[in-house]
Amino acid sequence: MRMDSETPEGLRLIYDLLVKASEYPGESLHNPRNLFHWGEKLKALHQILSGYHDQEYLSEYRLAQRRIIEISKSYPSEQYVREGYEGLHEWLGSISRLYQRLGLLIPENMTYTEGGEEGI
């Protein structure tokens with residue numbers, strides 16, 4: 001499944017949202033408030049991609065949601081924050097894998113084709 005019919009601008013926007021969600025935990029203090037805000041960013045990504053969810057993602061998403069519910073029972077402890085960030089990182093991983101299956105992420109071992117820039 002690829003998003004070839006989408007506009008380049010739309011694909012860039014979707015990719016930029018993933019990048020912003022990925023960077024958020026490193027740019028903010030780890031506390032319950034920021035954990036909530038990061039979760040909201042991931043919910044937005046989840047909704048934006050709802051038309052492209054596949055069974056693999058939906059299975060991982062359900063597991064992530066169950067884990068988030070379990071973690072929330074320890075609110076507002078340090079354990080809640082620590083495990084909350086771990087749980088959201090796992091959800092972000094699921095979203096990233098969906099992006100890769102949709103052809104929106106470039107594998108790390110990418111090589112340039114003929115005529116491309118070399119040595120970068």
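Among contacts in the chain between residues at least 6 apart in sequence, 72% join residues at least 24 apart. The structure is a predicted model, and the values below were computed from it.

The chain has 120 residues, of which 32% count as buried. Its secondary structure consists of four helices and zero strands; read from the N terminus, the order of elements is α-α-α-α.

Helix H4 spans residues 78-101. With 24 residues, H4 extends 35 Å from its first C-alpha to its last, a value close to the 34 Å expected at 1.5 Å a residue. After H4 comes Gly103, which has a positive phi near 80°.

| Helix pair | Axis distance | Angle |
|---|---|---|
| H2 (residues 32-48) and H4 (residues 78-101) | 10 Å apart | about 20° |
| H3 (residues 55-72) and H4 | within 10 Å | roughly 170° |

The angle between H2 and H4 is about 20°. Angles under 35 degrees count as roughly parallel, and H2 and H4 are therefore roughly parallel to each other. Their crossing is left-handed. On the side of H2, the residues in contact are Pro32, Asn34, Leu35, Trp38, Gly39, Leu42, Lys43, Leu45 and His46; these meet Tyr80, Val81, Gly84, Tyr85, Leu88, His89, Trp91, Leu92, Ile95 and Tyr99 in H4. By class, the residues of this contact comprise 13 nonpolar, five polar and one charged. The spacing of such positions may be read against a general rule: an α-helix has 3.6 residues a turn, so residues three or four places apart point the same way.

The pairing of H3 with H4 has another orientation. The axes of H3 and H4 cross at roughly 170°. Angles over 145 degrees count as roughly antiparallel, and the two helices, H3 and H4, are therefore roughly antiparallel to each other. The residues of the contact of H3 with H4 divide into ten nonpolar, five polar and eight charged.

The loop between H3 and H4 contains Pro76. The peptide bond leading from Tyr75 to Pro76 is cis, and its omega lies near 0°.

Note on methods. Residues are numbered from 1 along each chain as its sequence is written. This is a predicted model: local features need pLDDT of at least 70, side-chain atom pairs count only at pLDDT 80 or more; totals for chains, interfaces and linings use all residues. Side-chain values use heavy atoms; hydrogens and water are left out. Axes are lines fitted to C-alpha atoms, for helices over the stretch in contact, and angles run from 0 to 180 degrees between N-to-C directions. Angles under 35 degrees count as roughly parallel, over 145 as roughly antiparallel, 65 to 115 as roughly perpendicular and the rest as oblique. A crossing is left-handed if the near helix is turned anticlockwise from the far one by less than a right angle, and right-handed if clockwise. Contact means heavy atoms within 4.5 Å. Ala, Val, Leu, Ile, Met, Phe, Trp, Tyr, Cys and Pro count as nonpolar, Asp, Glu, Lys and Arg as charged, and the others, Gly among them, as polar. The expected span of a helix is 1.5 Å times one less than its number of residues. Buried means under 20% relative accessible area, exposed over 50%, partly exposed in between (1.4 Å probe, protein chains only).
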